[in-house]
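Have a go at each task before you read its solution.

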Amino acid sequence: MTTVQTIWVACRALLRNKMRSFLTTLGIVIGVAAVISMSAIGAGARARVSSMFESMGANILIVFSGSSRQGGMRGGQGSQPTLTWADLDRIREDIPDVRYAAPMMGIGAQVMAEGQNWQTQVRGTTADYFGIRNWPAASGEIFGDVDEDAGAKVAVVGQTVVNNLFGEDYNPVGQLIRINNIPFSIIGVAAKKGNNAWGSDEDDVVFVPSSTFRAKLQGGLQQFIPGTIMVGAVSQEATGSAKTAIEKLLRERHRIRPGNEDDFTVRNMSEMASAQQEGARTMTSLLAGIALVSLIVGGIGIMNIMLVSVTERTREIGLRMALGAKPAAILIQFVTEAVVLSVIGGLLGVAAGIGAARYLVTTFDWPLLIEPMFSVIAVGFSGIVGVVFGLYPAWKASRLDPIQALRFE
Amino acid sequence: MDPVIRLEEITRVFDTGDVQVHALRGVSLQVSPGDCLAIMGASGSGKSTLMNILGCLDRPSSGSYHLVGEDVARLSRNQLAQIRNRTIGFVFQNFNLLARTSALENVELPLLYRGVSARDRRRLAASALERVGLADRMHHGPSQLSGGQQQRVAIARALVGSPSVILADEPTGNLDSKTSVEIMQFFRGLVDDTGVTLVLVTHEPDIAAWADRMVEMKDGLIVRDRLRDQGTSPSEVTA
């Protein structure tokens, strides 16, 4: 018998029992659908995480000041200002791996314009910050050194603030904005960023020069930075060496003896990004592993039904043998039935998996990433499941004695 | 003419553990081409065992069996399958048609295991069905056919591969007497027209009366082998 004939005979046999064939293959359908949708969702989640970190800036280090200690009670990270403006200058000037360094100070403030008001974050920083974040102005411009030196009352506003104070599609450059009742003139609108990796709105912010921030919005000690230092390394690879260099520099400048604890913390954001990525990858393999198990369970379902089918069709097998089917032909027929079942299940599963992934992805607002290779592998694997779990029932069928089989009731 | 079937001292012993059952104790038989032979006997006489050996479904414990000149007593399972496919046509008491499968596809079945192309299968099966008078029922399933029609489909299936021997095991056992006569008339015509060899197993004398030669078995031995009395015609026996 040719291959085509064999497959045809198998299909005919399966079609004689449509409902059972469908239910048998359902296990494989669900298994493959689970593999496909889980891997697609996993890939989507990973891409989402990495794009979020990319939008944040891939080369970022954040330097936090130390913790305060009052009696036995210790404050949290950054509660004791230890970073000085001179530290910032030295990090910026002296470390070759550092391209940008900017102070980052923030307060919550009520802002007003055109009779509207809005509670938002006001941040004091320098032009370097926009370099680190790779964050251009959508309209107008970013403040520069001149504004910093002069303590100019200028502001760059985020899109969310514009929407809430002026309305969408309004260009507020040149308008006044009152921050805690102090008038600033808007010189730029920051490009829209969307939500960051932690889900908060990056565009709900007003930036002012750090000198102005200290003079008008939040005083604090003269030499210390009441916030953090954000550092941009020259490349993602350089973040590690930049971190080491900053730690060495700050320990020297703060005169910390060997063995004593640092009074600052340097956090490498690209490490966090890769840790997040790693987490997403682990999750994906875990889900794919569970999905694979369900595929094997589907295979056992096929074996189960094939065994029932062999018993039920004992007379048919006896007849086929009497009419001249060799044991190998019977074996091949039943294996083929199992493979046809599982491959059809695999194909349906790929379709169902892509459908499910599409639905979930739109719900979560993730990118849809389906590797065509994965679908091919899933269908191939379900075919292998069919062979493996179809072999035993088929072997049993081929070993039947035609005389006994023909008499079987 | 060389005999189409030649059995010499065939024995078949079933080993059931404690007891050895001697189903056949030395059967010798020759059947010439175009013979119409009925094997008769009570249950337990060994006629089913003989039938299985004749049909190459079973192998004898000892003795030799030549089918169309070939010694088949010692062939392997695969070789026996091939002999069954090419040389023998089976007709069973309970028809043994595949359920939910058209008459045409049922008749095609033996050709499938011979590697005949789909088109030739269809053509040969259709002409076999025509021959048994079921040209208009080709696409009916067994459940849509009467008992007599089902047996005729089974006969078409036995004929389709142009075998040398047709083995019919109680072919009328599940049919009413009127239909039985129709089927036997058809078999009779087939033997007379085509010269195929027919071996009929039955326990009903009026069915055996359609054959030219009657072989009676008892306790694993042939006890009587006689030609039909020329004076009695089958129609008189059934009447």
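Predicted model: local features only at pLDDT ≥ 70, side-chain atom pairs only at ≥ 80, totals over all residues.

**Exercise 1. Are H9(A) and H12(A) roughly parallel or oblique to each other?**

Step 1. Read off the geometry. Helix H9 (residues 269-312) and helix H12 (residues 372-398), both of chain A, pack at an angle of about 25°, and their axes are 9 Å apart.

Step 2. Apply the cut-off: angles under 35 degrees count as roughly parallel. The angle therefore makes H9(A) roughly parallel to H12(A).

Step 3. Inspect the residues that touch. H9(A) contributes, among them, A:Leu295, A:Gly298, A:Gly299, A:Met303 and A:Val310, while the H12(A) side includes A:Phe381, A:Val385, A:Gly386, A:Phe389 and A:Lys396.

Step 4. Sort the contact by class: 15 residues are nonpolar, five are polar and one is charged.

**Exercise 2. Describe how H3(A) and H8(A) are arranged, and list their contact residues.**

Step 1. Begin with the axes. Those of helix H3 (residues 85-94) and helix H8 (residues 239-253) of chain A come within 11 Å and cross at roughly 140°.

Step 2. Classify the angle. Only angles over 145 count as roughly antiparallel, and H3(A) and H8(A) are therefore oblique to each other. Their crossing is right-handed.

Step 3. List the contact. From H3(A) come A:Asp87, A:Arg90, A:Ile91 and A:Asp94, and from H8(A) come A:Ile246, A:Leu249, A:Leu250 and A:Arg253.

Step 4. Count by class: this contact has four nonpolar, no polar and four charged residues.

**Exercise 3. Which strands stand at the edges of the four-stranded sheet of chain B, and why does each have one side left without a neighbour?**

Step 1. Write down the order: E2-E1-E4-E5, an open sheet with antiparallel pairing.

Step 2. Look at both ends. Strand E2 (20-31) and strand E5 (70-71) of chain B each have a single partner strand, so one side of each lacks a neighbour in the sheet.

Step 3. Check the E5(B) end. Strand E4 (residues 62-67) of chain B pairs with E5(B) over two bridges, in the antiparallel sense. One bridge partner pair is B:His66 and B:Asp71.

**Exercise 4. Trace the six-stranded sheet of chain B.**

Step 1. The order is E6-E7-E8-E3-E9-E10; the sheet is open and its pairing is mixed.

Step 2. At the edges are strand E6 (88-91) and strand E10 (221-227), each pairing on one side only. Direction ignored, neighbouring strands are turned by 20° against each other on average.

Step 3. Find a parallel pair. Strand E3 (residues 36-41) and strand E8 (residues 197-201) of chain B run parallel, with four bridges between them. Within this part of the sheet, B:Ala38 faces B:Leu200 of E8(B).

**Exercise 5. How many residues of chain A are in contact with chain B, and which helix supplies the largest share?**

Step 1. Count both sides: 18 residues of chain A touch 19 residues of chain B.

Step 2. Locate the chain A side. H1 (3-15), H10 (314-322), H11 (327-364) and H13 (402-407) of chain A each supply at least two residues. The largest share, five residues, belongs to H10(A).

Step 3. Sort the chain A side by class: 12 nonpolar, two polar and four charged residues.

Key. Residues numbered from 1 in each chain as written. Chains lettered and ligands numbered in written order. Axes fitted to C-alpha atoms, helices over the stretch in contact; angles between N-to-C directions. Parallel < 35°, antiparallel > 145°, perpendicular 65-115°, else oblique. Contact = placed C-beta atoms within 7 Å. Nonpolar A, V, L, I, M, F, W, Y, C, P; charged D, E, K, R; others polar. Pairing = 2+ DSSP bridges. Left-handed = near helix turned anticlockwise from the far one by under 90°.
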